[in-house]
Amino acid sequence: MDDSAKLLLQRLVRRIPTKMLETTLEKWGRLSAAQRRSLDFTQSKLALTETLFTIGEENALAMKHITELEMIYIIENPNQGMWYTFQLVDPEDDAPGVELTQFKEQFKSHLKELIRHVSVKIKKHTDEAVWIRIAWGDGFSRPNHLKPTYVVHYLQTPYVFVSSLKSKLKPLLSQALTLSTRHQAIKDANLSGRKLTAIRELLMRQYQQVFPTKYPSPLVENDQTVLNLHVEKEQAEAAANRHRMAGEAFGDGTLPQLQSAVYKLETKFRDPTNKAMTERAEPFRCVVKFSSTNLLESFRHCASSGIASTPVTPLLSSIPLKGRNYFVITDNTPGPSSRMRQTQN
């Protein structure tokens, strides 16, 4: 192994938790059973890395083999780093017929036409996701395997999830994706997060949704004796209505673990007590960010418990409805009576 391959292997061993390292190396398939048995996972990772270096030399492992190991770990543990979502638009007539082999060949070909030094590895996962690892170079330097870009695309869908992509490389990736999938363009879907599974479930509607009904189900009567049946019934009906509307807005059961939502305001400032701000010609600008370990669950709980008013404001219900967590809010028309609308950035 050359020094760059050793450095990547060293970083991987440090990154992968010890309890996962043994199974990850087994899935890798580059070590014999005897070589895996020779590894002592109770040792320090420094000692374990030295042993793997020795085995790597014996097996003539190269950078392409070490990147395989990295892909196995990342695919099995995708909820790392920040993922950004994009949507392919304007499909050509033959877009639905693009198959994996065709996509792999054309994606690599188009990308290598755009940039001289680039390393691309593509792997299909069991859930039909196509995982792409890209190590970028430039006209003079070799691909940097220590800072790769990861791309996840589900064929026959318009959705693409990207992690660790520099802005200057975005046009190159966009062009390679649109050409290889037979689309005319690609746009920002305004959805991002650290949990790939969460933003994928939200965007592809892979969670239990509740659809509004004009005639809600009647409440089941409680046999428990109450002092005031009329008041109790009203409270129960109000609680049931809040729970129903919260479910209609955000979904039922387990929700995607979205961790943040951002609202960028560019609106007229409205406060009769503050003429200096109200009379300004330019819009008032600010950013509001909601954060939680499970934002949709938090919103649903606030609505169903009465902490937040119902029906749920479209500003919040648009997150699952539109599959986005970034919104720009502007005025339709100038003036204090103008309504608010949501526009895509």
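**Nonpolar cores and aromatic contacts**

The largest nonpolar core comprises 55 residues, and W131, F161 and I319 have the most contacts inside it. A nonpolar core is a set of buried Ala, Val, Leu, Ile, Met, Phe, Trp, Tyr and Cys residues joined through side-chain atoms within 4.5 Å; buried means under 20% relative accessible area, exposed over 50% and partly exposed in between, with a 1.4 Å probe and protein chains only. Helix α5 (residues 63-76) contributes the largest share of this core, eight residues. Another core, of 23 residues, lies apart from it and includes L88, V118, V151 and A176. Helices (H or I, at least four residues) and strands (E, at least two) are DSSP runs numbered from the N terminus.

The model is predicted: local features need pLDDT of at least 70 and side-chain atom pairs count only at pLDDT 80 or more, while totals for chains, interfaces and linings use all residues. Residues are numbered from 1 along each chain as its sequence is written, and side-chain values use heavy atoms, with hydrogens and water left out.

Eight aromatic pairs are found in the whole structure. Rings of Phe, Tyr and Trp (its six-membered ring) pair if their centres lie within 6.5 Å; planes under 30 degrees apart count as stacked, over 60 as edge-to-face and the rest as tilted. The pair Y263 and F327 is stacked, because the ring centres are 5.3 Å apart and the planes are at 15°. This pair links distant parts of the chain, with Y263 in strand β7 (residues 260-267) and F327 in strand β9 (residues 326-331), 64 residues apart. Y263 counts as buried at 4% relative accessibility, and F327 counts as buried at 0%. F250, Y263, F290, F299 and F327 form one aromatic cluster.
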